[in-house]
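Here's a quick briefing to read alongside the structure. Take a look at the model first, then work through the topics below.

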Amino acid sequence: MADTEKRILVLGVGNVLFSDEGFGVRVAEELDRDYVFSSNVEVMDGGTLGLRLMGPIMESDYLILVDIVMNDGSPGEVFRLLGQDLEKACSFQNSMHQTDLLDTLAQCNLVGTVPEDVILYGVEPKDFTTMSTALSPELEAVLGKVKETVLEEIRSAGGEFAPRTSNNPSTEKVYVPRDTC
């Protein structure tokens, strides 16, 4: 990686055991499964790690978050949030996360740095309280759209990617499979 390249972190967060709450993680899983990225791009399943994500966040220059948000939209509606809008959306208190993203970003700012660019792709959930590994039909329907949008964000920030093939398959990872409920 050249010194001038932005370090891009794609961070999918949420809890895959509570339906739509796991949307961000599902996007990260599919990106990692389907694409190989340039050395300046990292795709991470942030799960519900909260403050443990401070290191990767502080080491990045360009942070792309994917999560559910309560933004007075319809289930499955996708929002690209920055600045004040991001702060309002991240103050979502019904999350299953260890701590909310805003707290994590604030802690990063206190002890070090936050990335210059922080973009949240937030999707309005339908159901984030039912214990299920399946997304609601509304969020399942927008998963591909959000994945493509994040790829465009990566490209515009200076990252590159290529589809995985049999010559560069995804490394083995253990994911919680989606159920059929």
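Which residue in E6 does phenylalanine 79 stand opposite? Phenylalanine 79 sits across from glycine 122 in E6. Keep in mind that this is a predicted model. The chain has 181 residues, and 48% of them count as buried.

**Overall layout**

- You'll find 5 helices and 7 strands in the secondary structure of the chain.
- Walking along the sequence, the pattern reads β-α-β-β-α-β-β-α-α-β-α-β.
- Among contacts with a separation of 6 or more, 82% come from residues 24 or more positions apart.

- An open sheet is built from 5 strands in the order E3-E1-E4-E6-E5, with mixed pairing.
- Its edges are strand E3 (41-47) and strand E5 (78-81), each of which pairs on one side only.
- On average, neighbouring strands in this sheet are turned by 15° against each other, ignoring direction.
- H1 packs on the sheet and touches E1, E3, E4 and E6, with its direction at about 145° to that of E3.
- H5 also packs on the sheet. It touches E1, E3, E4, E5 and E6, and its direction makes about 175° with that of E4.
- E5 and E6 run antiparallel and are joined by 4 bridges.

- E1 and E4 run parallel, with 5 bridges between them; here valine 10 stands opposite isoleucine 64 in E4.
- E4 is also parallel to strand E6 (residues 117-123), this time with 7 bridges, and leucine 65 stands opposite leucine 120 in E6.

- Lysine 147 belongs to helix H5 (residues 137-156).
- Is lysine 147 buried or exposed? Its relative accessible area is 9%, so lysine 147 counts as buried.
- Setting aside neighbours within four places in sequence, lysine 147 is in contact with Val27, Glu30, Leu31, Asp34 and Tyr35.
- Side chains of opposite charge can pair when their charged atoms come close.
- The side chain of lysine 147 forms a salt bridge with that of glutamate 30, at 3.5 Å from N to O.
- That pair links distant parts of the chain, with lysine 147 in helix H5 and glutamate 30 in helix H1, 117 residues apart.
- Glutamate 30 is buried too, at a relative accessible area of 12%.

**Other salt bridges**

- The whole structure holds 11 salt bridges.
- One of them pairs aspartate 61 with arginine 7, where the closest N and O atoms are 3.0 Å apart.
- Aspartate 61 lies in the loop between helix H2 (54-58) and E4, and arginine 7 in the segment before E1, so this pair ties together parts that are 54 residues apart in sequence.
- Both partners count as partly exposed: aspartate 61 has a relative accessible area of 22%, and arginine 7 comes in at 37%.
- Lysine 126 forms a salt bridge with glutamate 138, with 3.3 Å between the closest N and O atoms.
- Lysine 126 is in the loop between E6 and H5, while glutamate 138 is in helix H5, 12 residues apart.
- Glutamate 138 is partly exposed, with 27% relative accessibility.
- Salt bridges with shared partners join Glu30, Arg33, Asp34 and Lys147 into one network.

- Where is leucine 17? It's in the loop between strand E1 (8-13) and helix H1 (23-34).
- With a relative accessible area of 37%, leucine 17 is partly exposed.
- Not counting residues up to four places away in sequence, leucine 17 touches Thr130, Met131, Ser132, Thr133 and Val176.
- The C-alpha atoms of leucine 17 and phenylalanine 128 are separated by 9.2 Å, although the two residues are 111 residues apart along the chain.
- Together, Leu17, Met131 and Val176 make a nonpolar surface patch of about 270 Å².

Key. Residues numbered from 1 in each chain as written. Predicted model: local features only at pLDDT ≥ 70, side-chain atom pairs only at ≥ 80, totals over all residues. Heavy atoms only, no water. Patch = residues over 30% accessible without salt bridge, like charges linked within 9 Å, V, L, I, M, F, W, Y side chains within 5 Å. Areas by Shrake-Rupley, 256 points an atom, 1.4 Å probe, with all protein chains shown as cover. Salt bridge = Lys/Arg side-chain N within 4 Å of Asp/Glu carboxyl O. Helix = DSSP H or I, 4+ residues; strand = E, 2+ residues; numbered from the N terminus. Pairing = 2+ DSSP bridges. Buried < 20%, exposed > 50% of the residue type's maximum accessible area, 1.4 Å probe, protein only. Contact = heavy atoms within 4.5 Å. Axes fitted to C-alpha atoms, helices over the stretch in contact; angles between N-to-C directions.
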